[in-house]
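Please read the following report with the sequence and the 3D structure side by side.

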Amino acid sequence: MSAVSIAAPPRARRRLPDYTPWLLISPSILLLVALIAFPLLFALKNSFYFWNLQMGPAPMGFIGLDNYRMALSNGMFLESLRTTLLMTVVGTTVQFSLGLAIALLLLRRLHGIKMTRVLLIMPTTIAPIVVGFLFRYMYDPNGGLIPWLLTSAGIPLPAAGLLGSPSTALWAVLFADIWQWTPFFAIVLYAALLAVPGEIVEAAKIDGVSPWKQLLHIKLPLIRKTALIIVMLRFMQIFNTFDLVVVLTKGGPGTSSRTLGYSLYQAGMVDFNIGVSSAMTWMMVIIVNAIIGLFVFFAFKDWD
Amino acid sequence: MEGSESVAGRLLGYAAMVLLLLVFIGPIIWFVLLAIRPAETYFSMPPVLSFKPNWESIRYTFFDPGNNAPQLLNSLIVAVGAVALNLPFSFPAAYALSRYKIRGRKHIMLWYLGLLMAPPVAFLIPYSILASLAGVKGTYFSMILISQTLTIPFSVWLMRSFIDEVPIEIEEAARIDGAGTTTILLKFILPMVMPGLIVTSMFAFVFSWNNAAFPLVLANRSTTTLPVGTLQYFGTAGVTWGFIASAAVAAMIPPMLIFLVLDRYVVRGLTFGSVKG
């Protein structure tokens with residue numbers, strides 16, 4: 001499970017000019033930088049201009065920081081940032097915990113457990129936009145499977161449906177993401193736990209350490225690196241959610257399920273306000289970089 | 001642990017396993033059934049489980065001209081194109097990052113990883129306008145090119161983990177015999193990491209196939225891909241649910257098959273090679 005091994009060929013290295021690795025790496029970096037820098041610089045410029053695509057095909061005048069002010073003042077940005085952070089923290093926590101519980105089940109010797117493991121990953125393989133449709137069908141207030149199951153179990157539901165009610169819409173969107181990605185945590189954590197040396201666990205067992213403490217104090221610290229990587233990945237992916245929201249709720253009702261990604265999508269692709277959406281692009285990119293930076297600083301200090 | 005387990009404990013285990021399959025596989029089967037249900041049973045409650053299959057949705061979406069069949073081909077062209085374009089960029093980079101202990105290697109790797117965590121939505125509007133200005137909007141090329149922001153970083157990470165496993169001695173021997181880097185890369189490393197390269201390409205294919213964000217803004221009606229094609233039945237009356245399901249199920253099948261075939265490598269692919277499953 002170790003991330004990478006360092007394989008430096010000392011003899012070969014001396015014989016080679018130093019720029020060889022850079023010749024091999026730079027084409028990919030140059031292409032990627034071009035593909036990222038152009039849109040970002042273009043957005044940076046547009047963020048200082050008034051530009052609505054419905055009014056004209058070109059920017060309509062320099063307005064300084066007004067787009068940023070507008071995005072921040074009408075609550076569009078900050079409110080959706082709060083919603084997104086809530087969804088991201090809850091989503092990552094639930095997926096990790098459920099995934100860990102399932103991983104422990106997968107480690108047991110039961111008939112059919114291998115087949116279960118192979119099939120379990122299927123939700124993760126589906127395009128998020130398709131998962132959105134799948135859940136829209138299952139959430140339908142007039143005959144969807146989920147409302148029917150819940151009502152049959154005696155659980156009262158909002159009249160407007162799970163997606164149509166401000167108190168449940170965000171959680172209904174998040175539930176679809178949890179359904180899709182809990183298997184991802186389960187499978188990866190299963191593989192990591194499988195690689196924990198048996199002797200360590202045996203020794204702990206002989207010392208009378210309870211199974212719960214074995215997990216918490218021995219196994220989890222040993223798979224820390226793997227756990228951190230997947231937590232970071234999923235944290236960022238949930239933070240960036242927008243396609244599920246497009247299909248399921250369009251951010252509604254009201255603003256109850258409007259994620260940061262969807263706010264940006266709406267400003268640009270629905271309202272055609274390129275100026276405001278560009279300002280939001282930059283704010284979002286800065287926030288995402290800051291979060292990744294925090295992860296890297298705290299979690300990957302001793303990495304590689 | 002398993003040997004000393006009580007009967008009740010084992011029964012509980014089996015119950016949990018069945019529940020797991022119901023929760024995570026049940027909805028997929030339910031959606032597949034939607035594609036072949038008679039329209040009057042789409043929303044009948046309690047759910048109708050036995051019905052005479054109705055092939056109308058599949059016929060309409062994939063056998064009537066101009067509906068979803070061309071999108072299947074578009075998805076294939078874009079995903080195969082994205083993988084093909086990414087290899088000459090990612091393979092040399094993965095090799096260099098595996099074999100040379102250059103300064104800043106960790107940061108380069110983290111930079112690639114950062115790209116995989118970037119918000120696609122932030123780039124959609126600039127890409128859309130820039131593609132129009134460059135006159136490539138609606139082309140396969142624009143989608144294949146922009147997909148590189150995902151396929152290159154992914155492939156570098158995963159391929160590097162495979163190259164790390166190739167013993168260095170062969171290269172050293174070849175170098176002593178006077179082989180240059182290009183020769184070593186193509187004649188010695190490439191054949192040895194071919195399985196890893198194929199695995200990487202298959203996962204990159206899924207990555208690109210499932211991406212809906214870029215085709216959403218870059219494709220036009222005739223070049224749009226299958227996952228995005230489901231949106232065309234969106235917002236209209238409920239009768240189109242069968243069409244949505246039919247197109248969506250077709251979009252689901254290739255990634256599922258690839259994951260089943262690559263079972264051994266699934267963990268490795270999903271973690272970009274950082275966890276060897």
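## Where the chains meet

In this predicted model, 83 residues of chain B are in contact with 82 residues of chain A, where contact means that the C-beta atoms of two residues, placed from the backbone, lie within 7 Å. On the side of chain B that touches chain A, the largest share, 13 residues, comes from helix H1 (residues 7-35) of chain B; helices (H or I, at least four residues) and strands (E, at least two) are DSSP runs, numbered from the N terminus. That side of chain B divides into 60 nonpolar, 13 polar and 10 charged residues, with Ala, Val, Leu, Ile, Met, Phe, Trp, Tyr, Cys and Pro counted as nonpolar, Asp, Glu, Lys and Arg as charged, and the others, Gly among them, as polar.

Residues are numbered from 1 along each chain as its sequence is written, while chains are lettered from A and ligands numbered from 1 in the order in which they are written. Local features need pLDDT of at least 70 and side-chain atom pairs count only at pLDDT 80 or more, whereas totals for chains, interfaces and linings use all residues.

## Chain B and Tyr95(B)

Chain B has 12 helices and 0 strands, and its C-alpha atoms fill a box of roughly 75 × 70 × 30 Å along the principal axes. Of the 277 residues in chain B, 48% are buried, that is, they have 20 or more other C-beta atoms within 10 Å of their own.

Tyr95(B) lies in helix H3 (residues 69-99) of chain B. Is Tyr95(B) buried or exposed (12 or fewer such atoms)? Tyr95(B) is buried, because 25 other C-beta atoms lie within 10 Å. Leaving aside neighbours within four places in sequence, Tyr95(B) is in contact with Leu24(A), Ile163(B), Leu185(B) and Ile189(B).

## Two helices of chain A

In chain A, the axes of helix H9 (residues 169-194) and helix H12 (residues 224-239), which are lines fitted to C-alpha atoms over the stretch in contact, come within 10 Å and cross at roughly 165°. H9(A) is therefore roughly antiparallel to H12(A), a term for angles over 145 degrees, on a scale from 0 to 180 degrees between N-to-C directions.

Asp177(A), Trp181(A), Phe185(A), Val188(A) and Ala192(A) in H9(A) meet Thr226(A), Ile230(A), Arg234(A) and Ile238(A) in H12(A). By class, this contact has 6 nonpolar, 1 polar and 2 charged residues.

Methods:
Angles under 35 degrees count as roughly parallel, over 145 as roughly antiparallel, 65 to 115 as roughly perpendicular and the rest as oblique.
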